Amino acid sequence: MGHQAFWKKTDTDTSEKQAGEELWEQERNIRDNKMEVSILAIPENEQLARMLVTAFVMPLNPTIEELSDIKTAVSEAVTNAIIHGYPKELFFGEEKYVHITCRNEEHTLHVKIQDEGVGIEDVKKAMEPMYTTKPELERSGMGFAFMEAFMDGILVKSKLQKGVTVIMNKTIGKEVCHE
Ligand SMILES: Nc1ncnc2c1ncn2[C@@H]1O[C@H](COP(=O)(O)OP(=O)(O)OP(=O)(O)O)[C@@H](O)[C@H]1O
Ligand SMILES: [Mg+2]
């Protein structure tokens, strides 16, 4: 009897352990996903871009703070594409797009914001805090600084007259302790 009980207990332990391991595996192996969208480059669509990226990120269970960081970074990049990439004086009436790609590898989000606008002559200079080419529009020149601060990494590529590509990444749930 004692022997039986011993085996039963061991059985339970094993299956509990297995279930625990499976859960951990499921949690770790969040399915890699990808989204590609092109939105019309009009100021109203900045909100749409934020919502699209939010919807993509939700299955990764971000904290409110992580979500807010991502939304801010996306807003800054999309606003830049709309305002600086396609300035009204050059593109008025033209149908121009901002391309957004989101990809996750497990818990790491990669987001790419791309335009085919005027481009940036000196990317390094443009990324300096407080640098702006539109002070008359009350721009503070902090967009890139916010993107850098709120995301884990940022890469900016540009060619004059070809546009700008901003690639950012952020790992979600780094604070979580899996005990
Ligand atoms: N997509 C883009 N196309 C062309 N130029 C860009 C683009 N994004 C940024 N820039 C240039 O880089 C500069 C710095 O961008 P940043 O977002 O840091 O500041 P800002 O947009 O001028 O001001 P803020 O973002 O604080 O309102 C811009 O003033 C603009 O000259
Ligand atoms: Mg900006």
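Is Gln161 buried or exposed? Gln161 is exposed, because 9 other C-beta atoms lie within 10 Å. You'll find Gln161 in the loop between β4 (153-159) and β5, and its phi is near 70 degrees, a positive value in a residue other than glycine.

Before going further, a word on what you're looking at. This is a predicted model, where local features need pLDDT of at least 70, side-chain atom pairs count only at pLDDT 80 or more, and totals for chains, interfaces and linings use all residues. Residues are numbered from 1 along each chain as its sequence is written, while chains are lettered from A and ligands numbered from 1 in the order in which they are written.

Now for the overall layout. The protein chain has six helices and five strands; these are DSSP runs numbered from the N terminus, with helices being H or I of at least four residues and strands being E of at least two. Starting at the N terminus, the order is α-β-α-α-α-β-β-α-α-β-β. Of the 179 residues in the chain, 26% are buried.

Let's walk along the strands. Two strands "pair" if DSSP finds at least two bridges between them. β1 pairs with β2 in the antiparallel sense over eight bridges, and Asn33 stands opposite Asn104 in β2. Next, β3 pairs antiparallel with β5 (residues 163-171) over seven bridges, where Val111 has Met168 as its bridge partner.

What packs together inside? The largest nonpolar core has 30 residues, and Val53, Ala73, Val74 and Ile113 are among those with the most contacts inside it. Such a core is a set of buried Ala, Val, Leu, Ile, Met, Phe, Trp, Tyr and Cys residues joined through C-beta atoms within 7 Å. α3 gives the most to this core, with seven residues. Take Ile113 as an example: leaving aside neighbours within four places in sequence, Ile113 is in contact (C-beta atoms, placed from the backbone, within 7 Å) with residues including Val74, Ala77, Val98 and Val166.

So what about α3 itself? At 1.5 Å a residue, its 22 residues should span 32 Å, and the end C-alpha atoms are 30 Å apart, which agrees. That expected span is 1.5 Å times one less than the number of residues. The buried residues of α3 include Ile70, Ala77 and Asn80, and their cover includes α2, β2, β3, α6 and β5.

α3 also turns up around ligand 1, giving the most to its shell with five residues. There are 22 residues around ligand 1, and Asn80, Thr132, Thr133, Arg139 and Gly143 come nearest; a residue is counted as near if its C-beta atom, placed from the backbone, lies within 6 Å. The shell divides into eight nonpolar, 10 polar and four charged residues. Nonpolar covers Ala, Val, Leu, Ile, Met, Phe, Trp, Tyr, Cys and Pro, charged covers Asp, Glu, Lys and Arg, and the others, Gly among them, count as polar.

Terms used. A residue is buried if 20 or more other C-beta atoms lie within 10 Å of its own, exposed if 12 or fewer, and partly exposed in between; C-beta atoms are placed from the backbone. Two residues are in contact if their C-beta atoms, placed from the backbone, lie within 7 Å.
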